[in-house]
Amino acid sequence: MSQERPLLGFGEVRHTRLRPRRHAFVYPTCFLMLPMRGLADTAGPLAVNRRGAISFHDTDHGDGRSPAEGGALAWLDALLQAEGIDDATGQVWLHCYPRMWGHTFKPVSFWYCHRPDGSLRAIVVEVNNTFGERHCYLLDQPRYGQELQARKVFHVSPFCTVRGGYRFRFVRAQRAGGERTMVRIDHDDDDGPLLRTSVSGTLEPATAQALRRALWAYPAMTLAIVARIHWHALRLWFKRVGFHRKHAPPAHPVTR
């Protein structure tokens with residue numbers, strides 16, 4: 001792993017729907033990879049809980065706890081404790097989108113929770129939909145490169161039913177050209193494979209130069225994410241992909 005300081009990832013998002021009409025896209029993207037234990041002391045030029053062209057705010061995650069209340073890390077630790085996981089007290093890396101010019105929408109964020117010896121103990125997949133709802137999938141005893149599964153219980157898209165399950169695969173490793181990270185999420189419904197999605201990128205220190213480069217390359221990334229969601233929804237509608245009414249959110253905020 002890299003030295004425990006904030007990192008920026010530069011890469012791409014891929015999405016492919018296999019049926020009933022094939023629909024695919026690829027977009028360049030950037031994202032944060034943050035060491036949450038000690039972030040305040042290692043933030044450097046990254047704006048943390050303050051205004052900035054590119055920033056991170058604790059209140060954008062979990063139950064919205066302020067820094068004075070322990071922030072998003074306190075929420076995560078409480079979630080893990082409530083689920084009987086009491087040995088994930090090592091570093092926690094958060095893979096998420098930043099705020100851009102004060103705007104934020106984070107379709108999915110990934111919390112990599114480690115033991116004190118550095119081994120991976122759990123991954124929390126924090127999902128937000130465009131209705132302002134949030135749900136978490138807790139993956140217990142994961143390993144990088146291993147396929148992990150969870151039952152789908154949360155409404156994300158009106159073009160997918162809340163049935164079937166997810167298959168996750170996480171990779172973070174040193175490769176030629178630097179440290180790489182990749183997350184793949186496949187959705188299978190009752191009829192088999194439906195969606196293939198991934199986000200990948202090369203990580204580098206979140207220096208002032210790297211932050212400027214991200215800002216110049218993606219000046220309106222948050223707005224672009226929301227716009228693309230609606231644009232592709234419109235295209236699916238024109239392709240006559242079935243539309244499904246929104247389900248109520250699950251009663252329990254965490255699915256294991």
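Q: Which residues sit on the covered face of strand 10, and which on the uncovered one?
A: In this predicted model, Leu148 and Ala150 make up the covered face of strand 10 (residues 148-151), while Gln149 and Arg151 are on the uncovered face.

Q: OK, and how many bridges join strand 10 to strand 11?
A: There are 4, and the two strands run antiparallel. Arginine 151 stands opposite glycine 165 of strand 11.

Q: Switching to salt bridges, how many are there?
A: The count is 22. One of them joins aspartate 189 to arginine 19, with 2.5 Å between the closest N and O atoms.

Q: Where do those two partners lie?
A: Aspartate 189 is in strand 12 (residues 178-189) and arginine 19 is in the loop between strand 1 and strand 2, so the pair ties together parts 170 residues apart in sequence.

Q: Is aspartate 189 buried or exposed?
A: Buried, because its relative accessibility is 16%, under the 20% cut-off. Arginine 19 is partly exposed at 24%.

Q: What about aspartate 186 and arginine 196?
A: Their side chains also meet in a salt bridge, 3.8 Å from N to O. Aspartate 186 is in strand 12 and arginine 196 in strand 13, so this pair ties together parts 10 residues apart in sequence. Both residues belong to a network of salt bridges that also includes Glu147 and Arg167.

Q: Last one: what does valine 92 touch?
A: Leaving aside neighbours within four places in sequence, its contacts include Leu34, Leu73 and Trp111. Valine 92 is in strand 5 and is buried, at 0% relative accessibility.

Notes
Residues numbered from 1 in each chain as written. Predicted model: local features only at pLDDT ≥ 70, side-chain atom pairs only at ≥ 80, totals over all residues. Heavy atoms only, no water. Buried < 20%, exposed > 50% of the residue type's maximum accessible area, 1.4 Å probe, protein only. Contact = heavy atoms within 4.5 Å. Pairing = 2+ DSSP bridges. Salt bridge = Lys/Arg side-chain N within 4 Å of Asp/Glu carboxyl O.
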